[in-house]
Amino acid sequence: MNKPLRAVAIFCGLLVLGLLIRANWLQYVRAPELASDTKNRRVQIEQFATPRGDIVVGGRAVTGSKETESTDLKFKRTYADGPMYAPVTGYASQAQGMTLLEKTYDSILTGKDDRLAFQRFADVVSGEGRRPGSVVTTIDPKAQKAAWDGLTDLKGARGAVVALDPQTGKVLAMVSAPSYDPSTFAGSTFKESDRFVALDKKKNKPLANRALRETYPPGSTFKILTAAAALEHGIVTDVDARTDAVSPYPLPQSTNKIGSEAGDAVCNKASMKTAMQYSCNNVFLDAASKLGQEKMRETAEKFGFNEDVYSDDFGDLLATKSLYPEDLDKPGTALTGMGQGSLTSTPMQMALVTAGIANDGKVMQPYVVDEVKGPDLDTLEKTEPAVMSEAVSAETAQKVQEMMEFTAKEGSARRAQIDGITVGGKTGTAQRGVDVNDEVPYGWFVSYGKKDDGSSVAVAVFIDPTDMDISREDISGGGLGAPIAKSVMKAVLKS
């Protein structure tokens with residue numbers, strides 16, 4: 001063979017070798033990755049080739065599937081009470097992808113989970129085709145409806161409600177308003193895609209999950225955590241004893257003095273119990289200042305701040321971290337005592353704080369999925385309650401309960417009272433913006449309810465009144481949030 005032909009032969013041989021290596025690389029090394037890639041049309045075709053499994057609330061499926069006119073994406077998702085349950089279910093859209101439970105448990109809901117392998121084989125043999133599993137949630141439908149109705153009755157309000165079982169961590173209600181109906185963009189038509197784009201562009205952010213994914217200054221609801229920190233670290237030993245915190249309170253290293261809505265006559269050198277009752281700022285500013293940033297942050301972190309509320313095992317249910325910042329100066333630390341400054345929290349986080357106080361200082365890991373079931377309703381996975389942290393001692397928690405219950409009986413949380421139920425509550429109005437008069441404040445309310453039989457519920461209500469037709473003077477956690485919290489607690493404890 002002459003030299004030119006030999007060179008061509010070698011070159012062609014190298015090309016063939018390269019093709020063989022590439023083919024084997026794709027077939028054996030990258031195959032799993034490519035097979036699950038969302039941009040792979042075959043993956044999408046398989047996802048929507050059969051009806052999806054159910055997401056169940058209170059024994060009723062709140063999701064379904066219906067046939068489409070598409071030649072390859074044969075079924076699309078449907079939702080019952082879609083806007084009310086959207087912060088729990090998320091969406092499964094042929095064009096927009098998936099979120100929350102739909103995404104995290106997609107393998108179960110499509111029947112492709114490895115735990116269903118034997119079932120899939122049996123279904124093929126019997127000719128039934130692939131059958132999906134189902135996801136059973138912890139949501140209490142009555143509590144969810146009470147929360148949803150309460151928020152949507154406040155015309156124009158943006159907000160969220162989270163209700164927890166303090167003893168187990170079960171999420172009993174989780175709503176966000178305004179919301180959206182996932183059914184309206186579940187398919188892949190141009191019209192459905194346009195609907196999603198329109199929702200995404202709305203100023204009031206209906207696609208946002210305010211319960212889990214948005215953070216805000218918690219305002220005076222954070223005072224229950226400041227009180228717990230002060231008691232736990234011995235800054236306060238008697239909640240009925242007068243303090244030396246003057247009102248208005250001189251902010252450390254500043255010429256600013258901070259007053260309270262209740263007035264100086266009530267708040268000046270008030271006891272912590274009275275300060276909780278009237279939401280006096282000075283006592284909590286002083287407590288945080290005396291505790292210092294490290295002890296304040298340590299207590300906040302024990303309740304879940306600066307941590308993932310859900311572990312990575314919960315996939316797309318991971319909540320945005322609530323933050324108690326590091327390296328705060330003295331005035332910044334003092335401001336966190338009243339829930340202002342650089343502090344931010346999700347409604348889920350404040351529900352956790354409240355639940356931890358109600359559960360004698362023990363914070364339980366929140367969870368929204370009770371069981372995962374196979375096609376024949378056999379249990380594949382059962383969530384067991386787990387302790388997230390021992391945030392404070394039972395003695396400390398019970399003293400905070402005493403103050404919160406007094407506040408519900410004699411103070412700013414009276415509108416949450418329920419006959420026959422022990423209620424503890426705390427209002428909150430959180431300022432925002434560099435100039436506090438630039439924007440309307442947020443309204444917060446946290447509470448718990450307990451029955452004599454030991455059953456209980458903790459609730460956090462957050463309200464952003466930006467789009468409401470309401471005067472600044474009428475914005476308060478007690479006025480706007482307490483009635484919602486009351487209705488949710490009644491739904492859980494009086495049903």
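Is the crossing of α4 and α8 left-handed or right-handed? Keep that question in mind as you look around this predicted model; the points below start with the helices and then move on to the sheets.

1. **The answer.** The crossing of α4 and α8 is right-handed. To find the two helices, look for residues 82-89, which make up α4, and residues 141-153, which make up α8. Their axes come within 10 Å and cross at roughly 115°. Angles from 65 to 115 degrees count as roughly perpendicular, and α4 and α8 are therefore described that way.

2. **Who touches whom.** On the α4 side, the contact is made by P83, M84, Y85 and V88. On the α8 side, the partners are P141, Q144, K145 and W148.

3. **An antiparallel sheet.** Now for the strands. In general, strands of a sheet pair through backbone hydrogen bonds, either parallel or antiparallel. Here, five strands line up as β9-β8-β18-β17-β16 in an open sheet, and the pairing is antiparallel. At the edges are β9 (171-177) and β16 (422-430), each of which pairs on one side only. From one strand to the next, the twist averages 10°.

4. **A closer look at β8 and β18.** How many bridges join strand β8 to strand β18? There are seven, linking residues 158-164 of β8 with residues 456-464 of β18, and the two strands run antiparallel. As a landmark, find L164, which stands opposite A458 in β18.

5. **A mixed sheet.** Another open sheet also has five strands, in the order β2-β1-β7-β13-β14, and its pairing is mixed. Its edges are β2 (60-61) and β14 (379-382); each has a single partner strand, so one side of each is left without a neighbour in the sheet. Strand β1 (residues 55-57) is joined to β2 by two bridges, and these strands run antiparallel. Within this pair, V56 stands opposite A61 in β2.

6. **Rings that pair.** Across the whole structure, a search finds eleven aromatic pairs. One of them is formed by Y216 and F462: the ring centres are 3.9 Å apart and the planes lie at 20°, so the pair is stacked. Y216 sits in the loop between α9 (190-201) and α10 (223-232), while F462 belongs to strand β18, so the pair ties together parts that are 246 residues apart in sequence. This brings us back to β18, the strand that holds A458.

Note on methods:
Residues numbered from 1 in each chain as written. Predicted model: local features only at pLDDT ≥ 70, side-chain atom pairs only at ≥ 80, totals over all residues. Heavy atoms only, no water. Pairing = 2+ DSSP bridges. Helix = DSSP H or I, 4+ residues; strand = E, 2+ residues; numbered from the N terminus. Axes fitted to C-alpha atoms, helices over the stretch in contact; angles between N-to-C directions. Parallel < 35°, antiparallel > 145°, perpendicular 65-115°, else oblique. Left-handed = near helix turned anticlockwise from the far one by under 90°. Contact = heavy atoms within 4.5 Å. Phe/Tyr/Trp six-rings, centres within 6.5 Å; stacked < 30°, edge-to-face > 60°.
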